[in-house]
Amino acid sequence: QAGSASASVAIEAQEWPAPDPSFRATTAALASELMPSSEEPPLLLIDSRTREEYDSEVLYGVARPGHIAGAVWYHWKEVFDGRSLKDCGQLRAEWSSLGDISRPVASYCTGGIRSGFLWAVMQHCGLEASANYDGSMWAWASDGSLPVTEGSRP
């Protein structure tokens, strides 16, 4: 019929590489690493949510208030100086003030988005042993057997 055109679009199937699991922390892995023991946990766990979320003042869609027991607080927006990323040397110094960044570092938030950004910046700045816990507080707080801490202490 005149004036009508039909177009056929061919889409080729692409094989995508399997995701690299080394950048992803899981609930089971974190739980086994963080369960109370007499020694320092083998990883530095960073809560990248707002201070109010960390301190249990705001319950942002999670089953229980608080933060993962042992986690230190560092807001993901702290990586910026105005609208630009801070220098990696400055960021590494800030992260070092939280704990030993020569050991593995895992970041989390509520659902893995903010912490995913923090993880990307950590990778950019050379923290190759960093991971994003993408289940974050949604997964952790929904399991009542896993420890959470309320208030401002790790």
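Tutor: Helices are DSSP runs of H or I with at least four residues, strands are DSSP runs of E with at least two, and both are numbered from the N terminus. This is a predicted model, in which local features need pLDDT of at least 70, side-chain atom pairs count only at pLDDT 80 or more, and totals for chains, interfaces and linings use all residues. Residues are numbered from 1 along each chain as its sequence is written, and side-chain values use heavy atoms, with hydrogens and water left out.

Student: Thanks! How many helices and strands does the protein have?

Tutor: Let's walk along the sequence, where the pattern reads β-α-β-α-β-β-β-β-α-β-α-β-α-β. That gives a protein with five helices and nine strands.

Student: What percentage of the 154 residues do buried residues make up?

Tutor: A residue is called buried under 20% relative accessible area, exposed over 50% and partly exposed in between (1.4 Å probe, protein chains only). Of the 154 residues in the protein, the buried share is 38%.

Student: What percentage of the contacts with a separation of 6 or more comes from residues 24 or more positions apart?

Tutor: A contact means heavy atoms within 4.5 Å. Among contacts in the protein with a separation of 6 or more, the share from residues 24 or more positions apart is 73%.

Student: Which residue's side chain makes a polar contact with the side chain of Thr110?

Tutor: Thr110 sits in the loop between β7 and α4, and its 3% relative accessibility makes it buried. Beyond neighbours within four places in sequence, Thr110 touches Arg49, Glu53, Tyr60, Val62, Gly135, Ser136, Met137 and Trp138. A polar contact is a pair of N or O atoms within 3.5 Å; within protein, one must be able to donate a hydrogen and the other to accept it, and residues adjacent in sequence count only if both atoms are side-chain atoms. At 3.2 Å, the side-chain partner of Thr110 is Glu53.

Student: Are the rings of Phe80 and Phe117 stacked or edge-to-face?

Tutor: Rings of Phe, Tyr and Trp (its six-membered ring) pair if their centres lie within 6.5 Å, and planes under 30 degrees apart count as stacked, over 60 as edge-to-face and the rest as tilted. By this rule there are five aromatic pairs, among them Trp76 and Phe80, which are edge-to-face because their planes are at 80 degrees, with centres 6.5 Å apart. For Phe80 and Phe117, the centres are 5.7 Å apart and the planes at 20 degrees, so the pair is stacked.

Student: How many residues apart in sequence are the parts that Phe80 and Phe117 tie together?

Tutor: Both residues are partly exposed, Phe80 at 27% relative accessibility and Phe117 at 30%. Since Phe80 lies in strand β5 (residues 80-81) and Phe117 in helix α4, the sequence distance between the parts they tie together is 37 residues.

Student: How far apart are the end C-alpha atoms of helix α4?

Tutor: The expected span of a helix is 1.5 Å times one less than its number of residues. Helix α4 (residues 113-124) has 12 residues and should therefore span 16 Å. In agreement with that, its end C-alpha atoms are apart by 17 Å.

Student: Which residue takes a positive phi just after α4?

Tutor: Within α4 the buried residues are Arg114, Ser115, Gly116, Leu118, Trp119, Val121 and Met122. Just past this helix, a positive phi of about 95 degrees belongs to Gly126.

Student: What is the phi of Ser136?

Tutor: Ser136 is in helix α5 and is buried, with a relative accessible area of 0%. Although Ser136 is not a glycine, its phi is positive, at about 45 degrees.
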